[in-house]
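Welcome! Take a moment to turn the model around on your screen before you read on. We will visit its pockets and then some of its packed helices.

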Amino acid sequence: MQGKTALVTAAAQGIGRATAELFAREGATVWASDINEPVLARVACNERMVLDVCDMQAVSHAPERTGPLDILVNCAGFVAGGSILECSEHDWLRSFEVNVTSMFRLTRAYLPGMLRRGGGSIVNVSSVVGAVRGVANRFAYASTKAAVLGLTKSIAADFVTQGIRCNAICPGTIDTPSLHARLRATEDYAASLETFKARQPMRRLGMPEEVANLALYLASDESAFTTGQWHIIDGGWSN
Ligand code: NAD
């Protein structure tokens, strides 16, 4: 990763943070971006930028601050619970805004610079949920994560001859702060955590660092012959 410049969205915690810190340890110049400034300040990387991925103006001007990229990791995502009957118009629109439209806007902002440099790798964080299998009470979230695959494949197909690669990662259940927040929101945190683990074939959750290792592979030249694919990392959950 020496000599490469990367931007990771939602990098203050969880998968984004593990990815930004791994890329930095591997020698890349890493821009960690997030809306949570105090937590972002603790990320171990070279550069930080407060960036709301839903702020169209801020996203379109971000390349002026960072310069062109070799690697863009679109990690920002938000879980709205419930079936279609509980899904409000707001939940639906907000889910697409954070989980899909952000990727459209970030990629539109950074792709021209990648093309001028002759190449780049875009890694979009989808999910097993929606992209690979249906899961109860994740209607809006699942819909967005399936859409991420269409976006990923289209970008990959359109720019495959111009050195651009675009891949998606589909994690299973990963031990991140937002997962624990969702567990705390249930009536019984400990019981809910055990339920999550019990549905895992490996009887454990994935770790953000394990997903970061896959992101590193897809971002780096090690995966130079791979584009337009989704890559499942779920401890066998969808097997
Ligand atoms: P997380 O949910 O714990 O943290 C998300 C980060 O995103 C936070 O730092 C938050 O401040 C930031 N964020 C929220 N809204 C933002 C916005 N508008 N602009 C910029 N940043 C914003 O992280 P996570 O659980 O590692 O999830 C990261 C990605 O991985 C998401 O796309 C999520 O859907 C996906 N994913 C997570 C899991 C899991 O089990 N944790 C499983 C599959 C997929």
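## The largest pocket

The largest pocket holds about 1000 Å³ of space. A pocket here is found on a 1 Å grid over the protein atoms alone, as an open set of points where a 1.4 Å probe fits, with protein on both sides within 12 Å along at least five of seven lines; lining residues have an atom within 4 Å of a point. The volume is the space filled by probe spheres set on the points, and grid points are joined across faces, edges and corners. This is a predicted model, in which local features need pLDDT of at least 70 and side-chain atom pairs count only at pLDDT 80 or more, while totals for chains, interfaces and linings use all residues. Residues are numbered from 1 along each chain as its sequence is written, and side-chain values use heavy atoms, with hydrogens and water left out.

Which residues lie nearest the centre of the largest pocket? They are Gly-77, Phe-78, Val-79, Ser-178 and Arg-182, out of 41 lining residues. Two or more lining residues come from each of H1, helix H4 (89-117), helix H6 (139-158) and helix H7 (177-184). Helices are DSSP runs (H or I, at least four residues), numbered from the N terminus. H7 gives the largest share, 4 residues. By class, the lining has 23 nonpolar, 11 polar and 7 charged residues; Ala, Val, Leu, Ile, Met, Phe, Trp, Tyr, Cys and Pro count as nonpolar, Asp, Glu, Lys and Arg as charged, and the others, Gly among them, as polar.

## The second largest pocket

In the second largest pocket there is about 170 Å³ of space. Its lining has 13 residues, and Lys-4, Gly-119, Gly-120, Ser-121 and Asp-221 lie nearest the centre. That lining divides into 3 nonpolar, 5 polar and 5 charged residues.

## H1 against H9

Two packed helices are described by the angle between their axes and the distance between the axes. For helix H1 (residues 14-25) and helix H9 (residues 208-219), the angle is about 55 degrees and the axes are 8 Å apart. Axes are lines fitted to C-alpha atoms, for helices over the stretch in contact, and angles run from 0 to 180 degrees between N-to-C directions. H1 and H9 are therefore oblique to each other (under 35 degrees is roughly parallel, over 145 roughly antiparallel, 65 to 115 roughly perpendicular, and the rest oblique).

## H7 against H8

H7 meets helix H8 (residues 189-198), with axes that come within 8 Å and cross at roughly 125 degrees. This pair is therefore oblique too. Leu-179, His-180, Leu-183 and Arg-184 of H7 touch Tyr-189, Ser-192, Leu-193 and Phe-196 of H8. The contact has 5 nonpolar, 2 polar and 1 charged residues.

How values were computed. Contact means heavy atoms within 4.5 Å.
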